[in-house]
Amino acid sequence: MASLLIPTALRAFTDRKSEIEVAARTAGEAVAALAEAYPDIKQHLYEDGGALRSFINVFVGETNIKSLNGLDTPIDADATVVLVPAIAGGVR
Amino acid sequence: MIFPESVIPDERAESLTNDEISRYSRHLLLPEIGIGGQEKLKAAKVLIVGTGGLGAPLALYLAAAGVGTLGIVDFDFVEASNLQRQIIHSTRDIDRPKVASARDRIRGLNPGVKVVEYNTTLTSANALDIIRGYDIVADGTDNYQTRYLVNDACVLLGKPNVYGSIYQFEGQASVFYAKEGPCYRCLYPAPPPPGLVPSCAEGGVMGVLPGIIGTIQAAEVLKLIVGGAGSLIGRLLLFDAWNMKFRELKIDKEENCPVCGKHPTIHELIDYEQFCGLNPPAGETPVSTLTPLELKARIDAGDKLRIVDIREGHERAIAKFANSVAIPLGQIARRIDEFDPATDTVFLCKIGKRSIYAIRALEKAGYTGRMFNLQDGVNGWARDVDASLPQY
(Lines give C-alpha, C1' and ligand atoms only; values in the text may rest on other atoms or scores of the structure.)
Protein backbone atom coordinates (compact mmCIF):
# COMPACT_ATOMS: atom_id res chain seq x y z
CA MET A 1 0.00 0.00 0.00
CA ALA A 2 1.18 3.52 -0.73
CA SER A 3 1.13 6.18 1.97
CA LEU A 4 -0.68 9.45 1.43
CA LEU A 5 0.39 12.27 3.75
CA ILE A 6 -2.35 14.74 4.65
CA PRO A 7 -1.36 18.32 5.49
CA THR A 8 -2.64 20.01 8.64
CA ALA A 9 -4.79 22.38 6.60
CA LEU A 10 -6.90 19.47 5.34
CA ARG A 11 -6.99 17.39 8.53
CA ALA A 12 -10.26 19.04 9.61
CA PHE A 13 -11.84 16.75 7.01
CA THR A 14 -9.97 13.55 7.92
CA ASP A 15 -10.73 13.26 11.66
CA ARG A 16 -7.28 14.90 12.15
CA LYS A 17 -5.57 11.90 10.54
CA SER A 18 -2.16 12.79 9.06
CA GLU A 19 -1.62 9.73 6.88
CA ILE A 20 -3.67 7.06 5.17
CA GLU A 21 -2.75 3.91 3.31
CA VAL A 22 -4.10 3.75 -0.22
CA ALA A 23 -4.21 1.05 -2.86
CA ALA A 24 -3.35 3.09 -5.95
CA ARG A 25 -1.39 2.73 -9.16
CA THR A 26 -1.16 6.45 -9.92
CA ALA A 27 -0.89 9.70 -7.99
CA GLY A 28 -4.40 10.57 -9.16
CA GLU A 29 -5.82 7.31 -7.79
CA ALA A 30 -4.12 7.98 -4.46
CA VAL A 31 -5.77 11.41 -4.18
CA ALA A 32 -9.11 10.00 -5.33
CA ALA A 33 -8.88 7.33 -2.61
CA LEU A 34 -8.58 10.08 -0.02
CA ALA A 35 -11.67 11.83 -1.40
CA GLU A 36 -13.56 8.56 -1.30
CA ALA A 37 -12.55 7.85 2.30
CA TYR A 38 -13.45 11.38 3.44
CA PRO A 39 -16.17 12.84 1.16
CA ASP A 40 -16.15 16.25 2.92
CA ILE A 41 -12.65 16.86 1.57
CA LYS A 42 -13.61 16.40 -2.07
CA GLN A 43 -14.77 19.94 -2.83
CA HIS A 44 -11.51 21.25 -1.39
CA LEU A 45 -9.29 19.01 -3.52
CA TYR A 46 -11.02 19.37 -6.87
CA GLU A 47 -12.42 22.20 -8.99
CA ASP A 48 -16.03 21.80 -10.11
CA GLY A 49 -14.73 20.38 -13.42
CA GLY A 50 -12.72 17.68 -11.65
CA ALA A 51 -9.23 19.18 -12.00
CA LEU A 52 -7.05 19.29 -8.90
CA ARG A 53 -7.17 22.74 -7.27
CA SER A 54 -4.06 24.75 -8.05
CA PHE A 55 -3.21 25.63 -4.44
CA ILE A 56 -2.52 21.95 -3.82
CA ASN A 57 0.64 20.27 -5.06
CA VAL A 58 1.11 16.53 -5.15
CA PHE A 59 4.57 15.12 -4.69
CA VAL A 60 5.59 11.54 -5.27
CA GLY A 61 8.66 11.09 -3.11
CA GLU A 62 10.54 14.36 -3.56
CA THR A 63 9.19 15.23 -6.98
CA ASN A 64 6.20 17.34 -7.95
CA ILE A 65 3.87 15.46 -10.29
CA LYS A 66 3.79 18.63 -12.44
CA SER A 67 7.35 17.65 -13.46
CA LEU A 68 6.27 14.05 -14.06
CA ASN A 69 3.03 12.90 -15.62
CA GLY A 70 0.53 14.83 -13.52
CA LEU A 71 -2.20 12.78 -11.88
CA ASP A 72 -1.34 9.93 -14.26
CA THR A 73 2.12 9.60 -12.70
CA PRO A 74 2.55 5.91 -11.82
CA ILE A 75 3.49 5.19 -8.23
CA ASP A 76 5.23 2.22 -6.62
CA ALA A 77 3.32 0.02 -4.20
CA ASP A 78 5.30 1.46 -1.28
CA ALA A 79 5.39 5.05 -2.54
CA THR A 80 4.89 8.11 -0.33
CA VAL A 81 2.53 10.65 -1.85
CA VAL A 82 2.58 14.08 -0.20
CA LEU A 83 -0.14 16.72 -0.51
CA VAL A 84 1.33 20.21 -0.14
CA PRO A 85 -1.19 23.05 0.03
CA ALA A 86 -0.48 26.77 0.15
CA ILE A 87 -0.63 27.97 3.74
CA ALA A 88 -0.37 31.60 4.67
CA GLY A 89 0.03 32.06 8.42
CA GLY A 90 2.81 34.06 9.95
CA VAL A 91 1.85 37.31 11.65
CA ARG A 92 -1.35 37.51 13.63
CA MET B 1 21.49 24.43 -4.64
CA ILE B 2 24.84 26.01 -3.82
CA PHE B 3 24.45 29.70 -4.39
CA PRO B 4 28.06 30.88 -4.55
CA GLU B 5 27.53 34.56 -5.17
CA SER B 6 26.70 36.88 -2.32
CA VAL B 7 23.82 39.18 -3.16
CA ILE B 8 26.07 42.00 -1.86
CA PRO B 9 28.83 42.99 -4.30
CA ASP B 10 32.33 43.07 -2.73
CA GLU B 11 32.66 46.81 -3.19
CA ARG B 12 29.70 47.44 -0.88
CA ALA B 13 31.34 45.66 2.10
CA GLU B 14 31.66 47.98 5.10
CA SER B 15 34.71 47.67 7.33
CA LEU B 16 34.22 46.74 10.99
CA THR B 17 35.19 48.71 14.09
CA ASN B 18 37.10 46.99 16.90
CA ASP B 19 33.89 46.91 18.96
CA GLU B 20 32.12 45.18 16.11
CA ILE B 21 34.97 42.70 15.76
CA SER B 22 34.49 41.80 19.43
CA ARG B 23 30.69 41.58 19.10
CA TYR B 24 30.77 39.35 16.01
CA SER B 25 33.80 37.30 17.03
CA ARG B 26 31.95 33.97 16.82
CA HIS B 27 31.00 34.68 13.21
CA LEU B 28 34.51 35.86 12.33
CA LEU B 29 35.91 32.58 13.61
CA LEU B 30 33.91 30.68 10.98
CA PRO B 31 35.99 30.59 7.81
CA GLU B 32 32.77 30.50 5.74
CA ILE B 33 31.79 33.91 7.14
CA GLY B 34 34.98 35.58 8.39
CA ILE B 35 35.69 39.31 8.18
CA GLY B 36 34.53 39.48 4.55
CA GLY B 37 31.16 37.94 5.29
CA GLN B 38 30.57 40.07 8.36
CA GLU B 39 31.41 43.23 6.38
CA LYS B 40 28.74 42.24 3.89
CA LEU B 41 26.24 41.63 6.67
CA LYS B 42 26.97 45.17 7.88
CA ALA B 43 26.28 46.55 4.41
CA ALA B 44 23.14 44.46 3.82
CA LYS B 45 19.60 45.81 3.82
CA VAL B 46 16.86 43.31 4.61
CA LEU B 47 13.13 44.01 4.59
CA ILE B 48 11.01 41.93 6.97
CA VAL B 49 7.34 41.95 6.00
CA GLY B 50 5.33 41.33 9.17
CA THR B 51 6.66 41.54 12.73
CA GLY B 52 4.58 38.69 14.09
CA GLY B 53 5.32 35.03 14.63
CA LEU B 54 7.82 34.69 11.80
CA GLY B 55 9.03 38.30 11.85
CA ALA B 56 9.96 38.10 15.54
CA PRO B 57 12.77 35.53 15.29
CA LEU B 58 13.76 36.91 11.89
CA ALA B 59 14.26 40.41 13.25
CA LEU B 60 15.96 39.27 16.45
CA TYR B 61 18.44 36.92 14.79
CA LEU B 62 19.22 39.23 11.86
CA ALA B 63 19.81 42.10 14.29
CA ALA B 64 21.98 39.93 16.52
CA ALA B 65 23.94 38.75 13.47
CA GLY B 66 24.78 42.32 12.52
CA VAL B 67 22.67 42.93 9.42
CA GLY B 68 23.24 46.67 8.96
CA THR B 69 19.76 47.81 7.96
CA LEU B 70 16.47 46.14 8.84
CA GLY B 71 13.21 47.43 7.36
CA ILE B 72 10.11 46.25 9.22
CA VAL B 73 6.60 46.46 7.81
CA ASP B 74 3.49 46.01 9.94
CA PHE B 75 0.24 47.92 10.36
CA ASP B 76 -0.86 46.02 13.43
CA PHE B 77 -0.83 46.61 17.18
CA VAL B 78 0.43 44.18 19.83
CA GLU B 79 -2.33 42.11 21.46
CA ALA B 80 -2.17 39.75 24.43
CA SER B 81 -2.91 36.78 22.15
CA ASN B 82 0.26 37.55 20.12
CA LEU B 83 2.62 36.96 23.02
CA GLN B 84 2.31 33.15 22.96
CA ARG B 85 4.69 33.20 19.95
CA GLN B 86 5.72 36.74 18.91
CA ILE B 87 8.70 36.92 21.22
CA ILE B 88 9.96 40.28 19.98
CA HIS B 89 7.04 41.93 21.82
CA SER B 90 6.52 42.06 25.59
CA THR B 91 3.54 42.29 27.90
CA ARG B 92 4.18 46.00 28.43
CA ASP B 93 3.97 46.52 24.63
CA ILE B 94 0.27 45.55 24.42
CA ASP B 95 -1.61 48.15 22.34
CA ARG B 96 1.61 49.64 20.92
CA PRO B 97 2.30 49.50 17.15
CA LYS B 98 4.22 46.31 16.44
CA VAL B 99 6.89 48.17 14.47
CA ALA B 100 7.58 50.47 17.45
CA SER B 101 7.79 47.57 19.86
CA ALA B 102 10.05 45.61 17.46
CA ARG B 103 12.27 48.66 16.88
CA ASP B 104 12.87 49.12 20.61
CA ARG B 105 13.74 45.47 21.08
CA ILE B 106 16.12 45.46 18.09
CA ARG B 107 17.85 48.60 19.36
CA GLY B 108 18.23 47.08 22.80
CA LEU B 109 19.75 43.97 21.29
CA ASN B 110 22.05 45.69 18.81
CA PRO B 111 22.24 49.49 18.65
CA GLY B 112 24.44 49.22 15.56
CA VAL B 113 21.49 48.13 13.43
CA LYS B 114 19.63 50.83 11.51
CA VAL B 115 15.88 50.16 11.79
CA VAL B 116 13.48 51.58 9.21
CA GLU B 117 9.84 51.37 10.29
CA TYR B 118 6.90 51.13 7.92
CA ASN B 119 3.79 51.34 10.07
CA THR B 120 1.54 50.49 7.16
CA THR B 121 -0.01 47.68 5.14
CA LEU B 122 2.08 46.58 2.17
CA THR B 123 -0.05 47.29 -0.92
CA SER B 124 0.25 47.35 -4.69
CA ALA B 125 0.64 51.12 -4.40
CA ASN B 126 3.65 51.13 -2.04
CA ALA B 127 5.32 47.72 -2.38
CA LEU B 128 7.72 48.50 -5.22
CA ASP B 129 8.87 51.76 -3.61
CA ILE B 130 9.45 50.10 -0.25
CA ILE B 131 11.13 46.91 -1.53
CA ARG B 132 13.33 48.63 -4.14
CA GLY B 133 15.84 49.87 -1.56
CA TYR B 134 16.50 46.43 -0.05
CA ASP B 135 18.75 43.53 -1.00
CA ILE B 136 16.53 40.73 0.33
CA VAL B 137 12.91 40.43 1.41
CA ALA B 138 11.84 38.01 4.16
CA ASP B 139 8.14 37.22 3.97
CA GLY B 140 6.43 36.66 7.30
CA THR B 141 2.92 37.67 6.32
CA ASP B 142 -0.31 35.98 7.31
CA ASN B 143 -2.47 36.15 4.20
CA TYR B 144 -2.42 35.05 0.58
CA GLN B 145 -2.91 38.45 -1.01
CA THR B 146 0.27 39.84 0.61
CA ARG B 147 2.19 36.68 -0.27
CA TYR B 148 1.40 37.06 -3.96
CA LEU B 149 2.11 40.79 -3.73
CA VAL B 150 5.53 40.21 -2.11
CA ASN B 151 6.32 37.50 -4.66
CA ASP B 152 5.41 39.56 -7.70
CA ALA B 153 7.19 42.67 -6.42
CA CYS B 154 10.34 40.62 -5.75
CA VAL B 155 10.24 39.03 -9.21
CA LEU B 156 9.70 42.39 -10.92
CA LEU B 157 12.56 43.97 -8.94
CA GLY B 158 14.88 40.92 -9.13
CA LYS B 159 15.07 40.45 -5.34
CA PRO B 160 15.25 37.15 -3.46
CA ASN B 161 12.15 36.39 -1.37
CA VAL B 162 12.91 34.29 1.69
CA TYR B 163 9.66 32.50 2.35
CA GLY B 164 8.18 30.95 5.44
CA SER B 165 4.61 30.11 6.33
CA ILE B 166 2.91 28.24 9.11
CA TYR B 167 -0.40 26.64 10.00
CA GLN B 168 -1.22 24.94 13.29
CA PHE B 169 1.72 22.49 13.59
CA GLU B 170 3.10 22.68 10.09
CA GLY B 171 5.55 25.00 8.42
CA GLN B 172 7.05 25.57 4.99
CA ALA B 173 10.23 27.40 4.05
CA SER B 174 11.97 28.14 0.77
CA VAL B 175 13.86 30.84 -1.08
CA PHE B 176 12.07 32.17 -4.14
CA TYR B 177 14.58 33.91 -6.38
CA ALA B 178 13.35 34.03 -9.94
CA LYS B 179 16.81 34.75 -11.39
CA GLU B 180 18.03 31.43 -10.03
CA GLY B 181 14.97 29.23 -9.57
CA PRO B 182 11.22 29.10 -9.07
CA CYS B 183 9.01 31.78 -7.56
CA TYR B 184 5.98 31.40 -5.28
CA ARG B 185 3.63 31.36 -8.26
CA CYS B 186 5.58 28.51 -9.88
CA LEU B 187 4.66 26.41 -6.84
CA TYR B 188 1.21 27.86 -6.14
CA PRO B 189 -0.38 29.36 -9.28
CA ALA B 190 -3.52 30.36 -7.35
CA PRO B 191 -4.57 30.67 -3.72
CA PRO B 192 -7.17 28.44 -2.07
CA PRO B 193 -10.75 29.65 -2.21
CA PRO B 194 -11.42 32.09 0.63
CA GLY B 195 -12.42 30.36 3.83
CA LEU B 196 -10.94 26.94 3.17
CA VAL B 197 -7.77 27.38 5.18
CA PRO B 198 -8.60 29.37 8.33
CA SER B 199 -6.14 32.00 9.54
CA CYS B 200 -4.03 31.39 12.64
CA ALA B 201 -6.56 33.60 14.49
CA GLU B 202 -9.19 30.96 13.77
CA GLY B 203 -7.19 27.78 13.24
CA GLY B 204 -4.61 28.25 15.98
CA VAL B 205 -0.85 27.78 15.86
CA MET B 206 1.70 26.11 18.12
CA GLY B 207 3.76 28.96 19.53
CA VAL B 208 7.23 27.53 18.87
CA LEU B 209 6.43 26.71 15.24
CA PRO B 210 7.02 30.24 13.85
CA GLY B 211 10.14 30.36 16.02
CA ILE B 212 11.56 27.40 14.12
CA ILE B 213 10.41 28.45 10.64
CA GLY B 214 11.36 32.12 11.16
CA THR B 215 14.80 31.05 12.35
CA ILE B 216 15.23 28.92 9.22
CA GLN B 217 14.32 32.01 7.19
CA ALA B 218 16.92 34.03 9.12
CA ALA B 219 19.57 31.42 8.32
CA GLU B 220 18.67 31.61 4.61
CA VAL B 221 18.89 35.42 4.66
CA LEU B 222 22.34 35.36 6.28
CA LYS B 223 23.63 32.79 3.77
CA LEU B 224 22.41 34.79 0.78
CA ILE B 225 24.37 37.77 2.15
CA VAL B 226 27.56 35.90 3.00
CA GLY B 227 27.46 33.74 -0.14
CA GLY B 228 28.81 30.29 -0.89
CA ALA B 229 26.21 28.31 1.05
CA GLY B 230 23.62 25.70 0.12
CA SER B 231 20.44 27.70 -0.27
CA LEU B 232 16.79 26.61 -0.23
CA ILE B 233 16.43 27.93 -3.78
CA GLY B 234 14.56 25.22 -5.71
CA ARG B 235 13.78 23.28 -2.53
CA LEU B 236 10.73 23.38 -0.29
CA LEU B 237 11.30 22.43 3.32
CA LEU B 238 8.27 21.03 5.14
CA PHE B 239 8.24 20.81 8.90
CA ASP B 240 5.68 18.99 11.04
CA ALA B 241 6.21 20.02 14.66
CA TRP B 242 3.65 17.55 16.04
CA ASN B 243 5.38 14.51 14.61
CA MET B 244 8.79 16.25 14.57
CA LYS B 245 9.49 15.50 10.94
CA PHE B 246 11.34 17.46 8.32
CA ARG B 247 10.82 16.69 4.64
CA GLU B 248 12.50 18.24 1.63
CA LEU B 249 10.86 18.50 -1.79
CA LYS B 250 12.22 19.66 -5.13
CA ILE B 251 10.46 22.58 -6.77
CA ASP B 252 11.01 23.59 -10.36
CA LYS B 253 10.68 26.82 -12.26
CA GLU B 254 7.48 26.77 -14.31
CA GLU B 255 7.99 27.72 -17.94
CA ASN B 256 4.45 29.03 -18.05
CA CYS B 257 4.63 31.03 -14.82
CA PRO B 258 2.73 34.28 -15.47
CA VAL B 259 5.30 36.40 -13.64
CA CYS B 260 8.70 34.67 -13.97
CA GLY B 261 8.15 32.24 -16.89
CA LYS B 262 9.32 32.48 -20.49
CA HIS B 263 6.44 34.66 -21.62
CA PRO B 264 5.25 36.56 -18.56
CA THR B 265 1.83 38.20 -18.65
CA ILE B 266 2.18 40.08 -15.35
CA HIS B 267 4.42 43.11 -15.78
CA GLU B 268 3.16 45.22 -12.91
CA LEU B 269 1.48 44.69 -9.56
CA ILE B 270 -2.19 43.73 -9.76
CA ASP B 271 -5.25 43.86 -7.49
CA TYR B 272 -4.39 41.04 -5.06
CA GLU B 273 -7.67 41.19 -3.16
CA GLN B 274 -9.44 40.41 -6.41
CA PHE B 275 -6.87 37.76 -7.37
CA CYS B 276 -7.49 36.01 -4.05
CA GLY B 277 -11.27 36.14 -4.51
CA LEU B 278 -11.79 38.49 -1.57
CA ASN B 279 -13.93 41.03 -3.41
CA PRO B 280 -17.53 39.81 -3.44
CA PRO B 281 -18.64 38.81 -6.95
CA ALA B 282 -20.79 41.44 -8.67
CA GLY B 283 -24.45 40.97 -7.82
CA GLU B 284 -23.83 38.80 -4.77
CA THR B 285 -26.25 39.62 -1.95
CA PRO B 286 -24.47 40.18 1.34
CA VAL B 287 -25.45 37.74 4.09
CA SER B 288 -27.97 38.99 6.66
CA THR B 289 -26.39 39.66 10.02
CA LEU B 290 -27.52 39.99 13.59
CA THR B 291 -25.39 41.89 16.06
CA PRO B 292 -24.96 40.22 19.45
CA LEU B 293 -27.45 42.69 20.97
CA GLU B 294 -29.99 42.06 18.18
CA LEU B 295 -29.73 38.31 18.72
CA LYS B 296 -30.13 38.79 22.47
CA ALA B 297 -33.30 40.84 21.86
CA ARG B 298 -34.77 38.14 19.61
CA ILE B 299 -33.99 35.40 22.12
CA ASP B 300 -35.50 37.47 24.95
CA ALA B 301 -38.62 38.11 22.85
CA GLY B 302 -39.07 34.35 22.53
CA ASP B 303 -38.63 34.28 18.74
CA LYS B 304 -38.42 30.81 17.26
CA LEU B 305 -34.77 30.58 16.25
CA ARG B 306 -32.30 27.79 15.61
CA ILE B 307 -28.74 28.68 16.57
CA VAL B 308 -26.05 26.64 14.80
CA ASP B 309 -22.48 26.66 16.11
CA ILE B 310 -20.18 25.71 13.20
CA ARG B 311 -17.04 25.41 15.35
CA GLU B 312 -15.27 22.12 16.01
CA GLY B 313 -15.70 20.45 19.41
CA HIS B 314 -12.34 21.50 20.87
CA GLU B 315 -13.17 25.11 20.06
CA ARG B 316 -16.69 24.99 21.48
CA ALA B 317 -15.08 23.79 24.71
CA ILE B 318 -13.24 27.13 25.03
CA ALA B 319 -16.45 29.17 25.09
CA LYS B 320 -19.78 27.35 24.91
CA PHE B 321 -22.75 29.08 23.35
CA ALA B 322 -25.92 28.12 25.23
CA ASN B 323 -28.86 26.52 23.40
CA SER B 324 -26.98 26.06 20.15
CA VAL B 325 -26.74 23.03 17.87
CA ALA B 326 -23.25 21.96 16.81
CA ILE B 327 -22.68 21.27 13.11
CA PRO B 328 -19.01 21.71 12.09
CA LEU B 329 -18.45 23.83 8.99
CA GLY B 330 -17.13 20.94 6.91
CA GLN B 331 -20.39 18.99 7.36
CA ILE B 332 -22.91 21.79 6.80
CA ALA B 333 -23.73 21.24 3.13
CA ARG B 334 -24.12 17.47 3.45
CA ARG B 335 -26.43 17.89 6.49
CA ILE B 336 -28.79 20.29 4.71
CA ASP B 337 -31.75 18.01 5.50
CA GLU B 338 -31.38 18.88 9.19
CA PHE B 339 -32.38 22.48 8.45
CA ASP B 340 -36.00 23.58 8.43
CA PRO B 341 -36.65 26.40 5.91
CA ALA B 342 -39.59 27.61 8.02
CA THR B 343 -37.33 28.43 11.00
CA ASP B 344 -34.85 31.30 11.05
CA THR B 345 -31.32 30.00 11.57
CA VAL B 346 -28.44 31.93 13.14
CA PHE B 347 -24.89 30.76 12.42
CA LEU B 348 -21.99 31.49 14.70
CA CYS B 349 -18.24 30.88 14.98
CA LYS B 350 -15.40 32.58 16.84
CA ILE B 351 -15.41 35.96 15.05
CA GLY B 352 -18.22 35.75 12.51
CA LYS B 353 -16.14 34.90 9.44
CA ARG B 354 -16.30 31.13 8.99
CA SER B 355 -20.04 31.27 9.73
CA ILE B 356 -20.45 33.28 6.52
CA TYR B 357 -18.99 30.34 4.60
CA ALA B 358 -21.55 28.07 6.24
CA ILE B 359 -24.35 30.31 4.96
CA ARG B 360 -22.82 30.44 1.47
CA ALA B 361 -22.41 26.65 1.45
CA LEU B 362 -26.11 26.14 2.25
CA GLU B 363 -27.14 28.74 -0.34
CA LYS B 364 -25.05 26.89 -2.92
CA ALA B 365 -26.69 23.62 -1.89
CA GLY B 366 -30.12 25.13 -2.59
CA TYR B 367 -31.35 25.91 0.92
CA THR B 368 -34.14 28.51 0.88
CA GLY B 369 -34.76 29.30 4.57
CA ARG B 370 -33.77 32.57 6.23
CA MET B 371 -30.20 32.61 7.56
CA PHE B 372 -28.38 35.12 9.73
CA ASN B 373 -24.73 35.51 10.63
CA LEU B 374 -23.88 36.41 14.23
CA GLN B 375 -21.65 39.44 13.77
CA ASP B 376 -18.26 39.12 15.53
CA GLY B 377 -19.22 35.60 16.62
CA VAL B 378 -18.87 34.23 20.14
CA ASN B 379 -16.19 36.83 20.87
CA GLY B 380 -18.72 39.57 20.07
CA TRP B 381 -21.33 37.86 22.24
CA ALA B 382 -18.83 37.74 25.12
CA ARG B 383 -17.98 41.41 24.57
CA ASP B 384 -21.54 42.78 24.29
CA VAL B 385 -23.89 40.35 26.01
CA ASP B 386 -22.30 37.77 28.29
CA ALA B 387 -19.16 38.97 30.05
CA SER B 388 -18.84 35.63 31.83
CA LEU B 389 -17.67 34.05 28.57
CA PRO B 390 -13.95 34.36 27.67
CA GLN B 391 -12.84 36.02 24.44
CA TYR B 392 -10.19 33.92 22.72
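Among contacts in chain B between residues at least 6 apart in sequence, 70% join residues at least 24 apart, where two residues are in contact if their C-beta atoms, placed from the backbone, lie within 7 Å. This is a predicted model, in which local features need pLDDT of at least 70 and side-chain atom pairs count only at pLDDT 80 or more, while totals for chains, interfaces and linings use all residues. Residues are numbered from 1 along each chain as its sequence is written, and chains are lettered from A and ligands numbered from 1 in the order in which they are written.

Chain B contains 15 helices and 15 strands; helices (H or I, at least four residues) and strands (E, at least two) are DSSP runs, numbered from the N terminus. Its radius of gyration is 24 Å, close to the 21 Å that the globule rule gives for 392 residues, so chain B is as compact as a globular protein of that length. The radius is taken over C-alpha atoms, and the rule is 2.2 Å times the number of residues to the power 0.38. Along the principal axes, the C-alpha atoms of chain B fill a box of roughly 75 × 50 × 40 Å. Of the 392 residues in this chain, 45% count as buried, a residue being buried if 20 or more other C-beta atoms, placed from the backbone, lie within 10 Å of its own, exposed if 12 or fewer, and partly exposed in between.

One helix pair in chain B can be followed in detail. Two packed helices are described by the angle between their axes and the distance between the axes. Helix α4 (residues 55–65) of chain B packs against helix α10 (residues 208–226) of chain B at an angle of about 40°, and their axes are 7 Å apart. The axes are lines fitted to C-alpha atoms over the stretch in contact, with angles running from 0 to 180 degrees between N-to-C directions. That angle makes α4(B) oblique to α10(B), because angles under 35 degrees count as roughly parallel, over 145 as roughly antiparallel, 65 to 115 as roughly perpendicular and the rest as oblique. The crossing of the two helices is right-handed, meaning that the near helix is turned clockwise from the far one by less than a right angle. Residues of α4(B) that take part include Leu58(B), Tyr61(B) and Leu62(B), and among those they meet in α10(B) are Gly214(B), Ala218(B) and Val221(B). By class, the contact of α4(B) with α10(B) has 9 nonpolar, 5 polar and no charged residues; Ala, Val, Leu, Ile, Met, Phe, Trp, Tyr, Cys and Pro count as nonpolar, Asp, Glu, Lys and Arg as charged, and the others, Gly among them, as polar.

Chain A has 2 helices and 5 strands, arranged along the sequence as β-β-α-α-β-β-β. A compact globule of 92 residues would have a radius of gyration near 12 Å, and the 13 Å of chain A agrees with this. Buried residues make up 40% of chain A. Within helix α2 (residues 42–45) of chain A lies His44(A), which counts as buried because it has 20 C-beta neighbours inside 10 Å. Leaving aside residues up to four places away in sequence, His44(A) touches Leu10(A), Phe13(A) and, in the other chain, Leu196(B).

The contact between the chains takes 27 residues from chain A and 45 residues from chain B. On the side of chain A that touches chain B, β3 (56–60), β4 (63–64) and β5 (80–85) each supply at least two residues, and β5(A) gives the most, with 3 residues.
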